[in-house]
Amino acid sequence: MTRRMRTVTARGHAKVNLHLGVGALRPDGYHDLVSVFQSLNLSDTVTLELAPDTDRVSEGTIVSGLSVTGMDAASVPTDDTNLAWRAVDKLVDHYRGHHDLEEAQRVHISIHKGIPTAGGMAGGSADAAAALVAAHALLSERLPALTSATLLEMAADLGSDVPFTLQGGTMLGTGRGEQLTPMLSRGTYHWALVFFKEGLSTPVVFRELDDMREQGTAPGPRMETEVLSKALLSGNPREVAGALHNDLEVPARHLRPDVEAMRRAGLDAGALMGMVSGSGPTVAFLCESELHARDVLDDLLADGAYSGTVAHGPAKGAHLIS
Ligand code: ATP
């Protein structure tokens, strides 16, 4: 008889930026951001499978391997550059440094992707947040649980969007996007999301914005979010549609003209508003209802050239599912 290995699975959610204002390039290489995040029910799962009890390590990585299935699986790294792998190592290092963790059982990581890769929807960050939650569940069985503040600090070290994907909901992000304040938001917002076969690299889009601003071909930073805050309180998607803004849209459209063609097609199909999600190229269309989002999506995917899905938000942060 084969013994089933112990597994823990956590879910990490995608995000859209309802507002993304990009300020100056800072000396540390990041840009000052003002971002309003909304988490979506579109998600990845991260499963940690414990090796047999005798397979333990006292230093270095505890990850024995990583496999990926689902959307864009082939473009996701399966080595220690994967954000989920880095998240597990980071948590273990913390326990080694602060809580006398001498030996840890090795784990295999399996990621199932529902979030497009390099699509501007924080897929890698969602996996990092889910991996933190799953690894924390395992380690805190026998060692002290960490505070959410400590987990958030680790998340920020892993990447600017990881703290938000850990928390979920609707949040204002400042600094490089990692300093979060919850925002009041009423209602559920329905989106039609169109994915592109080829992703866009986030640093390349930021660099394009800097270059275009230097040449005077992209507008300056838009950092105020007051109109959007009021619209979110109304719970009316039409009001929110009128307040959506993304400073990265101009450079993303410049790098990928097909993005703008898709945005126009979505507006023609009746979406309330369409915009690039984060650094793109995913285009997110805000709609009146789930039915409306399905109609818009059916229209946009009719010729088979693109893939996509409907999604709604706000959703949860990363959480255990088994
Ligand atoms: P963001 O919206 O946070 O800017 P994104 O959604 O555009 O990011 P990701 O899907 O997070 O982009 O992937 C960006 C790059 O990160 C990928 O091209 C890949 O090389 C790397 N990566 C590392 N870990 C992962 C992961 N678990 N899933 C997807 N990509 C990952």
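1. Helices (H or I, at least four residues) and strands (E, at least two) are DSSP runs, numbered from the N terminus. On that basis K15 belongs to strand β1, residues 7-25. The structure is a predicted model, in which local features need pLDDT of at least 70 and side-chain atom pairs count only at pLDDT 80 or more, while totals for chains, interfaces and linings use all residues. Residues are numbered from 1 along each chain as its sequence is written, and side-chain values use heavy atoms, with hydrogens and water left out.

2. The ligand sits in the largest pocket. On a 1 Å grid over the protein atoms alone, a pocket is an open set of points with protein on both sides within 12 Å along at least five of seven lines, whereas a cavity is a set of points where a 1.4 Å probe fits but cannot get out; lining residues have an atom within 4 Å of a point. A molecule sits in either one if more than half of its atoms lie within 2 Å of its grid points. The most comes from α2, with 4 residues.

3. There are 22 residues around the ligand, and G120, G124, D127, D161 and T202 come nearest; a residue is counted as near if one of its heavy atoms lies within 4 Å of the molecule. By class, this shell holds 8 nonpolar, 10 polar and 4 charged residues. Here Ala, Val, Leu, Ile, Met, Phe, Trp, Tyr, Cys and Pro count as nonpolar, Asp, Glu, Lys and Arg as charged, and the others, Gly among them, as polar.

4. A polar side-chain atom of T202 is 2.8 Å from an oxygen atom of the ligand. For A122, a backbone N or O atom lies 2.9 Å from a ligand oxygen atom, and for G119 a polar backbone atom is 3.4 Å from one. On its own the ligand has 610 Å² of accessible area, of which the protein covers 78%; such areas come from the Shrake-Rupley method with a 1.4 Å probe.

5. UniProt, in an unreviewed entry, places the feature "active site" at K15 and D161. Although spread over 147 residues of sequence, they cluster in space, with a largest C-alpha distance of 9.1 Å. Both K15 and D161 are included in the lining of the largest pocket. UniProt positions are given in the numbering used here, feature names are shortened, and annotations may be inferred rather than shown by experiment.

6. The unreviewed UniProt entry also lists a "binding site" that includes P116, T117, A118, G119, G120 and A122. From this set, P116, T117, A118 and G119 belong to the lining of the largest cavity. T117 is found in the loop between β6 and α2.

7. The UniProt annotation "domain: GHMP kinase C-terminal", from an unreviewed entry, covers residues 230-300. Over this stretch the chain is 59% helix and 15% strand, and the end C-alpha atoms are 31 Å apart.

8. A cis peptide bond joins G280 and P281, with omega about 5 degrees; P281 is in the loop between β11 (273-276) and β12 (283-287). Another cis peptide bond joins G313 and P314, with omega about 0 degrees, and P314 is in the loop between β13 (307-313) and β14 (319-320). D100, although not a glycine, has a positive phi of about 55 degrees.

Notes:
A polar contact is a pair of N or O atoms within 3.5 Å; within protein, one must be able to donate a hydrogen and the other to accept it, and residues adjacent in sequence count only if both atoms are side-chain atoms.
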